[in-house]
Amino acid sequence: MLLPVFTLKLRHKISPRMVAIGRYDGIHPCLAAATQAGKVFIHNPHTRSQHVSASRVFQSPLESDVSLLNINQAVSCLTAGVLNPELGYDALLVGTQTNLLAYDVYNNSDLFYREVADGANAIVLGTLGDISSPLAIIGGNCALQGFDHEGNDLFWTVTGDNVHSLALCDFDGDGKKELLVGSEDFDIRVFKEDEIIAEMTETEIITSLCSMYGSRFGYALSNGTVGVYDKTARYWRIKSKNHAMSIHAFDLNSDGVCELITGWSNGKVDARSDRTGEVIFKDNFSSAVAGVLEGDYRMDGHTQLICCSVDGEIRGYLPGTAEMRGNLMDTSIEQDLVRELSQKKQNLLLELRNYEENAKAELSPLNEADGPRGVIPANTKLHTALSVSLGHETQPAHVELCISTSNDTIIRAVLIFAEGIFLGESHVVHPSIHSLSSSIRIPVTPPKDVPVDLHLKTFVGYRSSTQFHVFELTRQLPRFSMYALTAPHSATEPLSYVNFILAERAQRVVIWLNQNFLLPEDTNIQNAPFQVCFTSLRNGGQLYIKIKLSGEVDEYHSVHQKLSAEMADNSNLIRSLLVRAEDARLMRDMKTMKNRYMELYDLNKDLLNGYKIRCNNHTELLGNLKAVNQAIQRAGRLRVGKPKNQVITACRDAIRSNNINMLFRIMRVGTASS
C-alpha cells in the first residue's frame with residue numbers, strides 16, 4: 001500500500017527519536033536531527049543555506065546541503081513546528097538536561113534560550129486546553145513546563161515520575177487538546193491543562209506516544225509492546241522481542257483513518273491497523289530506525305511518510321495511486337479471505353478428527369486401570385481462586401492460584417499469559433503423570449503493585465485421554481496482591497505515617513480494600529473506625545491502614561450558615577412580637593399581651609439553644625480547620641525550599657476560592673493551576 005518514492009543517504013548519524021521536519025523559511029521542508037557531540041544537523045535539499053556566519057551554525061564539511069547547529073551539550077529531545085503564528089514559519093526546539101533552545105533557523109537567531117532545572121527528556125509543540133498561544137511543552141524530572149514564543153513559562157505542573165514521552169490529543173472530545181504523559185512509573189497520565197483527568201497503568205516505561213485521531217492514540221513500551229488506546233480503553237497491543245524506536249500515525253490507504261506506523265530497533269518498519277493491530281505494510285532498513293514522521297519533502301503537493309535510520313538513511317513513501325491501491329487492496333482482500341477460509345477449514349478438520357478419536361475411545365473396551373476416556377462431561381466447570389501464601393523454607397511467600405474442576409476430570413496442563421510477571425510473559429505448568437489430579441496450585445509472584453490480567457488456558461480430560469478440552473478464562477490479580485492480612489497485635493506498627501482527610505464514606509474504603517487486596521473470605525471489616533494491617537510478601541514490611549471518623553469542614557460551614565440564618569429570622573420575629581405586645585398593652589388587651597410575651601419567652605429559649613448548638617458547631621469547625629491547616633503544613637514538609645512555600649501558598653489560595661478538589665490535588669502533586 002506504500003510505494004517508496006525517494007531514498008537519501010546522509011553521512012551523519014541520527015540519534016533515536018530526535019528527528020523533525022519543519023518549514024524554517026515558511027516554504028521549504030527541511031529535516032533536522034540530533035547527532036553526536038552536541039550537534040543538530042539541518043538537511044535542506046531545496047536551497048543552499050546563505051546564513052552560515054552566525055556562531056551556532058556552520059556548513060557541514062561532508063555535504064553542501066547540510067548545516068550543523070552547535071548545541072554544545074547532549075541533545076535529549078527535539079521537535080519543530082509553529083511556535084509564533086505571526087512569523088509564518090516554523091521554529092526548531094532543542095532540549096538538553098539543563099536548557100531549552102527555541103531557534104529561528106532561517107535567520108540564525110535564538111527565539112529564546114531558557115534554563116530548565118528539571119531537564120527536558122521529551123518535547124511536544126502545540127496548543128493546550130484554553131491557553132491560546134502555542135506552547136513548547138517539555139517533560140523532565142517529574143515536571144512539565146510549557147513556554148510560549150517569548151520564552152514565558154505559561155504552564156507548569158508536576159507528574160508522578162520522570163517523563164519519557166509526550167503527545168497532544170483531544171482525549172475527552174471537547175475540541176481542545178489534552179496532554180498525554182508517559183513516565184518511568186509505567187503510567188500514562190492525561191492532563192487537562194494542569195488537572196489529571198485519567199490514568200492508565202502499563203507494564204513498562206512508556207517510551208513513545210502519538211495522537212491518531214479523535215480520542216485514539218498509540219503507545220510504545222520499553223519491553224517491545226506497541227498498541228492503541230481509545231480514551232482509557234485499550235483496543236489492542238502486540239509485543240515484539242525488538243524495541244519500538246518511534247511510532248507515528250499516518251493514513252496509508254486513504255480511508256480517512258490513520259494506521260500506526262512503528263520503526264523498530266532491528267530496522268523493520270511496519271504499519272498496523274488501528275482497529276486490530278494487523279500488519280498491512282512492512283519494510284526493512286539495514287540499521288535501527290531513528291524516527292518516523294511525515295512531510296511534503298519533495299514539494300510536489302503530496303505528503304510522504306518519511307523514515308530515518310540511525311545510520312542516516314532516509315526513505316520517503318507515498319500511498320499508491322487510487323487505481324493501483326484499488327487493485328492491491330482487492331488482491332489483498334481476496335488473499336486474506338482465502339487464507340482465513342483455509343485456516344477455518346483446517347481447524348474444522350482437526351476438530352472433526354478429535355471428535356472421531358474421542359468417539360472411538362468411548363466405544364473401545366474400558367480398562368479399569370486407565371479409567372474413563374473420551375469426551376469430558378458436558379457440565380464440567382472450572383473454578384479458580386486466589387489466595388496469599390506466606391511460604392516456607394523451600395518456597396518463598398507468594399500469591400497462590402488454585403484451579404480445580406467440578407468433577408473427577410484431571411488437569412493435564414495450564415498455560416498462563418500475563419504481562420510483567422513471567423519471563424517471556426507466559427508460563428506453562430505441566431504436572432507429572434503421577435501427580436495428576438482435579439486441582440492444581442500455581443505460585444505467582446508479581447514484581448510490582450499493578451493489577452494484572454491472568455489469561456488461562458487449562459487442558460482438562462481423563463488420565464488416559466489423548467485429546468483434551470481447553471478451558472479459556474481470565475482472572476485479574478489485584479493491585480496489592482503481594483500483601484497478606486495480619487493481626488495488628490502480631491505486627492510492629494511502622495514509625496513513618498501519613499495522615500490525610502478522605503472525602504469518601506468508610507464503606508467505600510472497605511470496598512476498595514476488597515478490590516485491591518486478597519482478603520480471606522471470612523474477613524469482616526466493619527464501618528469506621530477500623531484498622532487493618534498487612535505484611536508485604538516481598539520484604540516483610542508492615543502496612544497499617546487506619547480509618548477514623550472526622551467532621552467535615554463543609555458540613556460545619558453549612559450548619560453554621562443555617563444557624564446564622566435562623567437566628568436572623570428569629571431576631572426579626574422578636575422585634576415583631578415586641579411591637580405587638582406593646583400595642584396590646586397600650587390598648588389594655590392584657591390577654592393578647594400575655595400571649596405575645598409567652599411567645600417571646602419560648603422564642604428566647606429557642607435562641608439560647610440555637611446559640612449553644614452554634615457554639616459547639618463553631619468549636620468543631622475550628623478543630624477541623626486546624627486539621628486542614630495541619631494537613632497543609634505536612635504537605636509542605638514533604639517538599640524542601642521554594643516548592644514548600646509554593647505548596648502552602650497554593651493550598652491557601654485553594655481554600656480561599658473554596659476549591660476542595662484543587663486543594664487535594666495540590667497536596668498530592670504540589671501545584672495549583674497556572
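A disulfide is counted here as a pair of cysteine sulfur atoms within 2.5 Å. The model is a predicted one, in which local features need pLDDT of at least 70 and side-chain atom pairs count only at pLDDT 80 or more, while totals for chains, interfaces and linings use all residues. Residues are numbered from 1 along each chain as its sequence is written, and side-chain values use heavy atoms, with hydrogens and water left out.

**Exercise 1. Cysteines**

Task: State how many disulfides the structure holds, and examine cysteine 307.

Solution: The structure holds zero disulfides. For cysteine 307, the closest cysteine sulfur is that of cysteine 308, 7.3 Å away, which is too far for a bond. Next, accessibility: buried means under 20% relative accessible area, exposed over 50%, and partly exposed in between (1.4 Å probe, protein chains only). Cysteine 307 is buried at 0%, whereas cysteine 142 is partly exposed at 24%.

**Exercise 2. Aromatic rings**

Task: Count the aromatic pairs, then classify the pair of tyrosine 219 and tyrosine 229.

Solution: Rings of Phe, Tyr and Trp (its six-membered ring) pair if their centres lie within 6.5 Å; planes under 30 degrees apart count as stacked, over 60 as edge-to-face and the rest as tilted. The count comes to eleven aromatic pairs. In the pair of tyrosine 219 and tyrosine 229, the centres are 5.2 Å apart and the planes make an angle of 50°, hence tilted. Tyrosine 219 belongs to strand β20 (residues 216-221) and tyrosine 229 to strand β21 (residues 225-230), ten residues apart. Strands (E, at least two residues) and helices (H or I, at least four) are DSSP runs, numbered from the N terminus. Both tyrosines are buried, tyrosine 219 at 0% and tyrosine 229 at 3%. Elsewhere, Phe480, Tyr483, Trp512, Phe517 and Phe534 form one aromatic cluster.

**Exercise 3. Helix α6**

Task: Find which residues of α6 are buried and how they are arranged around the axis.

Solution: Helix α6 spans residues 660-669, and its buried residues are Met662, Leu663, Arg665, Ile666 and Val669. Seen down the axis, these fall within an arc of 165°, so they line one face of the helix; the arc is that of the directions from the helix axis to the C-beta atoms. The face turned away from the buried side carries the exposed residues Asn661 and Arg668. Just after α6, glycine 670 has a positive phi of about 90°.

**Exercise 4. The largest nonpolar core**

Task: Identify which members of the largest nonpolar core touch the most other members, and which strand gives the most to this core.

Solution: A nonpolar core is a set of buried Ala, Val, Leu, Ile, Met, Phe, Trp, Tyr and Cys residues joined through side-chain atoms within 4.5 Å. The largest has 29 residues, and Leu401, Ile403 and Leu454 touch the most other members. Strands that each supply at least two residues include β31 (398-405) and β35 (452-461). β35 gives the most, with four residues. Leaving aside neighbours within four places in sequence, leucine 401 has contacts (heavy atoms within 4.5 Å) that include Leu386, Ile442, Leu454 and Leu456.
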